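Subject: A structure for you to explore

Hi,

Here is the structure I promised to hand over. Have a look at it first, then read my notes below.

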Amino acid sequence: MKYRRLGKTDLEVSVVGVGTWQFGGDWGKDFKQVEVDAILSHAKDLGINLIDTAECYGPHHLSESFIGDFISRDKREDWVIASKFGHSWKEKWGHAWSVDEVRQQLDESLKALQTDYIDLYQFHSGSDEDFDNDDLWTMLDKQVQAGKIRNLGISIGSNKNIHQTAQATERNAKAIQVVYNRLDKAPEEEVFPSCIEQDLGVLARVPLASGFLSGKYKPGVQFEDKVRQRREQAEVDEQLKLVEQIKQTELPEGVDMAQWALAWCLQHPAVTCVIPGCKSPEQVEMNAGAANLDMVPIEHRSAVVK
């Protein structure tokens, strides 16, 4: 495994992390604690130290609770835990952006994670109006001073949201989370240059484009999970046709496509870490292998003849 400094923080994080939205049950599988334990234990064996979760990954902080149960039996100091705020899922899913609601979310997340602090606490895909609430950031700074939060971050909802990215340093945020993959390169235009200028860490979420870049699916596939069912079939087929083209023109012979897709993201100088989801220890091992896959640096890709 390889490690990189996460922006201006004092955190050294593995270049491949573990995304945990799937633990909440939205991706076609309901997890049990023993399955989560197997995934996170194997991740640690492979040198992975970053776990990304959120307040709304499953009802009643379900993903965080799975992680907390595991962490309580492991060494907390060995892990970098990134979570988020701004939404709630109890009796129903909804937004929760007031100062009091976010303060309550933080305490609930700490309880679910069975920890005294969160290493990276991220504004979770909120509107610019919610983001511009000075009272919210003042409260969060007080939580940093109190030791409940080690670092603040921003998980932007739109890959082109330069409004929130550009204000990161002013808000004492030290990392940006954004969707970035071979099918969606929008952050390269404005977000990444701003991150480099501010020395912000970057967590690349959805690096496998919701599994499209795994190479496992063909046009016409019918997904069973809630997340991918929301997409129009024509859009899905168009994306998978592009994946087939990429496979034929860019994927080196003998290289696993999913590993290639993760390594592709890591070649951009702005990217600190990719956080793919995984449903088994075997998938964790495949993801981890991307850390040592040699790739053409992104600044030289346009000069490569396919």
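Tyr117 is partly exposed, with a relative accessible area of 22% (partly exposed lies between buried, under 20%, and exposed, over 50%, using a 1.4 Å probe and protein chains only). Before going on, please note that this is a predicted model, where local features need pLDDT of at least 70, side-chain atom pairs count only at pLDDT 80 or more, and totals for chains, interfaces and linings use all residues. Residues are numbered from 1 along each chain as its sequence is written, and side-chain values use heavy atoms, leaving out hydrogens and water.

You will find Tyr117 in the loop between α3 (99–113) and β8 (120–124); helices (H or I, at least four residues) and strands (E, at least two) are DSSP runs, numbered from the N terminus. Not counting residues up to four places away in sequence, Tyr117 touches Arg76, Glu77, Leu110, Gly147, Lys148 and Arg150, where contact means heavy atoms within 4.5 Å.

Now for strand β5 (residues 80–85): six of its six residues are buried, so the rest of the structure largely encloses it. In a regular strand the side chains alternate between the two faces of the sheet. In β5 both faces are covered, with Val80, Ala82 and Lys84 buried on one side and Ile81, Ser83 and Phe85 buried on the other.

β5 also pairs in the parallel sense with β8, over four bridges (pairing needs at least two bridges found by DSSP). There, Ala82 stands opposite Leu120 in β8. Strand β4 (residues 50–52) pairs with β5 in the parallel sense too, over three bridges, and Ile51 stands opposite Ile81.

Enjoy exploring!
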